[in-house]
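This note sets out, in numbered points, what can be read from the structure shown below. Please keep the structure in view while reading.

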Amino acid sequence: MQLKIYNSLTAEKEIFKPILEGNVGMYVCGPTVYSNVHLGNVRTFLSFDFIYRTLMHLGYKVRYVRNITDAGHLTDDGNVENDRFVKQTRLEKLEPMEIVQKYTVDFHKVLDMFNLLPPNIEPTATGHIVEQIELTQKLIERGFAYESNGSVYFDVLEYNKRGLNYGELSKRNIEELFANTRDLDGQGEKKNPQDFALWKKASPAHIMRWNSPWGEGFPGWHLECTAMSTKYLGEKFDIHGGGMDLKFPHHECEIAQGKACNDIAPVNYWMHANMLTMNSQRMSKSTGNYILPMQLITGENDFFEKPFHPSIVRFCFLQAHYRSVLDISNDAMMASEKGFIRLMEAVKVLNSITPDDEKESGFNLEEWKSKSYDALTDDFNSPVLIAHLFEAVKFIFALNDGKETISTKDLEDLKSTLNAFIFDVLGLQAIEENNNEKLDQTLQVLIELRNQARKSRNFDLSDQIRDKLLAEGIELKDGRDGTTYVLN
């Protein structure tokens with residue numbers, strides 16, 4: 001099997017060749033922890049969790065690094081008022097690191113709920129200030145950066161003058177970048193409009209600040225990922241991932257920083273997960289077309305008719321390829337729930353199948369496995385893999401109905417492979433039956449039987465049901481709106 005990965009840098013699928021055979025170094029841009037993680041973020045991190053699981057299933061030893069941005073994330077390179085952490089500290093009247101802790105805990109809680117595996121290393125921006133200062137000094141020494149009024153900027157024009165290409169990932173040229181530049185506060189400190197901040201001088205209003213050779217300040221957003229990825233994966237590593245929205249400027253700046261510092265491209269394969277929409281519209285707080293992950297799980301929202309278990313949401317997300325736009329809606333979630341239940345039922349049914357070694361099976365197991373692995377290795381094609389899983393599901397129910405047979409050897413192989421794909425690779429979890437729901441369903445049946453007995457004037461049976469339930473601590477109460485029960 002040859003794994004093929006779509007490389008955003010070349011815009012082509014390429015055969016994956018790791019730098020160190022059998023090993024993969026993978027860095028994924030993590031959350032900026034100033035607010036609750038939103039559903040679009042979950043889609044991105046879930047996509048790379050599936051990629052991580054697939055790589056391990058294919059036999060690679062993976063070092064997966066995913067950072068936490070807890071400082072320096074400006075929406076532009078200028079006014080401190082645009083610092084998301086500063087805004088949130090004022091809004092919630094909390095210290096910056098209280099904000100960081102609150103939303104880091106939320107991030108981990110949500111990802112655990114969706115059964116995402118933790119990365120091998122989860123570094124923070126504030127834990128790598130020294131490394132970021134050292135990188136900035138190196139870029140100044142090499143002539144790719146300059147200090148201006150206590151801030152330090154990367155010199156994009158100088159980078160291009162040396163035969164390098166700022167814009168190679170996003171396919172933009174420098175002239176277009178200059179033409180489309182907006183006027184920003186602090187723009188006067190820069191030599192060129194597209195220069196980006198490596199280190200920003202802290203204004204009196206800025207709470208998060210550190211000493212540096214250029215005075216008190218804080219790191220630019222782009223620098224942290226270069227500092228942390230190279231520290232834990234080396235100057236050149238295999239895979240760098242993130243959301244499509246990070247391609248420019250964030251990942252573009254990372255490429256420039258890596259090349260300027262180390263004279264080599266920092267990453268072999270750039271991977272980008274596409275966006276999530278809801279009801280065919282972009283998710284946005286400003287338009288009201290917005291939902292948090294927990295609201296989808298609890299059902300506390302105006303978009304979906306019922307709550308959905310995290311595994312059903314995960315299943316829904318994986319039915320779209322990670323590079324495709326995924327649209328969620330009530331109909332899509334209901335269809336995913338139906339498909340998920342059928343898939344899990346097939347797993348249960350398979351465990352009760354009795355093999356038959358006398359007859360030949362009509363299901364070509366080896367061909368099915370080959371097709372399934374072809375989907376996995378074709379740029380992690382989860383929807384095609386799931387389609388193949390349902391081919392197996394159809395066969396399993398045919399086995400259960402006595403319309404097909406399977407040998408002992410093939411049965412064990414099918415069980416092993418199906419479980420690996422569903423639980424290890426796709427990361428789905430069986431939904432445990434809720435005992436309270438089962439109790440309620442059972443009691444409703446008994447209440448209905450009692451009501452029928454009363455209508456038939458079979459009061460002995462009616463009283464018997466009531467008295468036996470009462471003896472078990474369940475009191476029936478007859479009222480104008482029907483019969484309810486109370487657990488004593």
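This is a predicted model: local features need pLDDT of at least 70, side-chain atom pairs count only at pLDDT 80 or more; totals for chains, interfaces and linings use all residues.

Which residue in S8 stands opposite Lys200? The points below begin with the sheet to which this question belongs.

1. The answer is Phe218, which faces Lys200 from strand S8. Strand S7, residues 196-201, pairs with S8 in the antiparallel sense, and 3 bridges connect the two.

2. These strands belong to an open sheet of 4 strands, arranged in the order S5-S6-S7-S8 with antiparallel pairing. Strand S5 (145-148) and strand S8 (217-219) stand at the edges; each has a single partner strand, and therefore one side of each is left without a neighbour in the sheet. Averaged over the sheet, and with direction ignored, neighbouring strands are turned by 20° against each other.

3. A helix accompanies this sheet. Helix H4, made of residues 129-141, lies across S5, S6 (151-154), S7 and S8. Its direction is at about 120° to S7.

4. For the protein as a whole, there are 16 helices and 15 strands. The C-alpha trace spans about 95 × 60 × 35 Å along its principal axes. Of the 488 residues, 51% are buried. Among contacts with a separation of 6 or more, 73% are between residues 24 or more positions apart. The accessible surface amounts to about 23100 Å², and carbon and sulfur atoms contribute 47% of it.

5. The next topic is charge pairing. Side chains of opposite charge can pair when their charged atoms come close. The count of salt bridges in this model is 22. One of them joins the side chains of Arg209 and Glu216, with 2.9 Å from N to O. Arg209 counts as partly exposed because its relative accessibility is 28%, and Glu216, at 39%, is also classed as partly exposed.

6. Where in the chain do the partners Lys369 and Asp413 lie? Their side chains meet in a salt bridge of 3.1 Å, N to O. This pair links distant parts of the chain: Lys369 is in helix H12 (residues 365-377) and Asp413 is in helix H14 (residues 408-425), 44 residues apart. Both Lys369 and Asp413 are buried.

7. A further salt bridge lies within one helix. Arg466 pairs with Asp463, and their closest N and O atoms are 3.5 Å apart. The two residues are 3 positions apart in helix H16 (residues 459-471), so about one helical turn separates them. Arg466 is partly exposed, with a relative accessible area of 32%; Asp463 is partly exposed at 31%. Elsewhere, salt bridges that share partners join Asp49, Arg53 and Arg314 into one network.

8. The structure holds 0 disulfides. The closest cysteine sulfur to that of Cys29 is in Cys225, at 3.8 Å, which is too far for a bond because the cut-off requires the sulfur atoms to be within 2.5 Å. For Cys253 the closest cysteine sulfur is likewise in Cys225, but the distance is 11 Å, again too far for a bond. Cys29 is buried, with a relative accessibility of 5%, and Cys253 is buried at 1%.

Key. Residues are numbered from 1 along each chain as its sequence is written. Side-chain values use heavy atoms; hydrogens and water are left out. Two strands pair if DSSP finds at least two bridges between them. Axes are lines fitted to C-alpha atoms, for helices over the stretch in contact, and angles run from 0 to 180 degrees between N-to-C directions. Contact means heavy atoms within 4.5 Å. A salt bridge is a side-chain nitrogen of Lys or Arg within 4 Å of a carboxyl oxygen of Asp or Glu. Buried means under 20% relative accessible area, exposed over 50%, partly exposed in between (1.4 Å probe, protein chains only). Accessible areas come from the Shrake-Rupley method with a 1.4 Å probe; for residues, only the protein chains shown count as cover.
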